[in-house]
Amino acid sequence: MLKRILIPLAIALPVLGLLYVGLGMDSEELPSPLVGEQAPPFELEDLHDGYETITHEDFVGDVAVVHVWGSTCPVCHEDFPHLERLSEHGVKVYAFNYRDDRAQALQYLRVRGDPYDRIAHDPEGEAGMEWGVYATPETYVLDEDGTITYKEIGPLDEEVVEEEILSLVD
C-alpha cells in the first residue's frame, strides 16, 4: 500500500519541480549558445543568382547584421525599415532566406523591397539550424571577425535597433 503512494509521488515531485522552474523563466529570452562564438560555416547559393555562392567568409571583415527571414513569415517585412536604417548607417546587412521557395522569395522582395546587401538561400534550413535559428525573423550581429555578438529573436523594433544593435555597431 505504501508503494502505491510513494512511487507516484517520487515521479510527480521532479516533474512539478521542472514545471515550477520553467514557469519562472522569461519566455521572451531564449539563450543562444552561439553568442560569443564564431558564426558557423556555411556555403549556400545566392538567392538572386543561383550560380553564385555565399559563404560565412562573405560576412567577415565588417561589423554586419544577418537577418533570417522567409516569405511566409507574417511579420518579417516589419523589419525592413529597421534594416534599411542600419544600411543607411553604414552597416552591412546580410540575410538567410530560410526554408523558402526561391521564386516566392524573389516575388516577396519585388513587392516589399530588398534591404539586403546579399542573401543566402537556405531552402532546407540546414545552415539556419547550425546558426541556432528557432523561427523567423531572427537577427544576428557579427563583429569584424565573424563572431556573433548579439541575437534577437522575433521582429525588430526601434528600441532594439537603438539600444542593442547600433550600440554594438558604434
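Author: Rings of Phe, Tyr and Trp, the last by its six-membered ring, pair if their centres lie within 6.5 Å; planes under 30 degrees apart are stacked and those over 60 are edge-to-face. The model is predicted.

Reader: How many aromatic pairs does the structure hold?

Author: Pairs are counted by the distance between ring centres, with 6.5 Å as the limit. On that basis the number of aromatic pairs in the structure is 13.

Reader: What kind of pair do the rings of Phe42 and Trp131 make?

Author: Phe42 sits in the loop between helix H1 (2-23) and strand E1 (43-46), and Trp131 in the loop between helix H4 (126-130) and strand E6 (138-142), so their pair ties together parts 89 residues apart in sequence. Trp131 is buried at a relative accessible area of 0%, and Phe42 is buried at 7%. The ring centres are 6.3 Å apart and the planes stand at 65°, so the pair is edge-to-face.

Reader: Are the rings of Phe59 and Tyr94 stacked or edge-to-face?

Author: Phe59 lies in the loop between strand E2 (53-55) and strand E3 (64-69), while Tyr94 belongs to strand E4 (residues 92-98), so the pair links parts 35 residues apart in sequence. Both Phe59 and Tyr94 are buried. With ring centres 4.7 Å apart and planes at 15°, the pair is stacked.

Reader: Which residues form one aromatic cluster with Phe42 and Phe59?

Author: Phe42 and Phe59 belong to one aromatic cluster.

Reader: What is the handedness of the disulfide?

Author: The structure holds one disulfide, which joins Cys73 to Cys76 with an S to S distance of 2.3 Å. Cys73 is buried at 6% relative accessibility, and Cys76 is buried at 0%. The torsion about the S-S bond is about 95°, so the disulfide is right-handed.

Reader: Which strands stand at the edges of the sheet?

Author: Seven strands form an open sheet with mixed pairing, in the order E2-E1-E5-E4-E3-E6-E7. An edge strand has a single partner, so one side of it is left without a neighbour in the sheet; here these are E2 and strand E7 (148-153).

Reader: Which residue in E7 stands opposite Glu138?

Author: E6 and E7 pair in the antiparallel sense over five bridges. Opposite Glu138 stands Ile153.

Conventions
Residues numbered from 1 in each chain as written. Predicted model: local features only at pLDDT ≥ 70, side-chain atom pairs only at ≥ 80, totals over all residues. Heavy atoms only, no water. Disulfide = S-S within 2.5 Å. Buried < 20%, exposed > 50% of the residue type's maximum accessible area, 1.4 Å probe, protein only. Helix = DSSP H or I, 4+ residues; strand = E, 2+ residues; numbered from the N terminus. Pairing = 2+ DSSP bridges.
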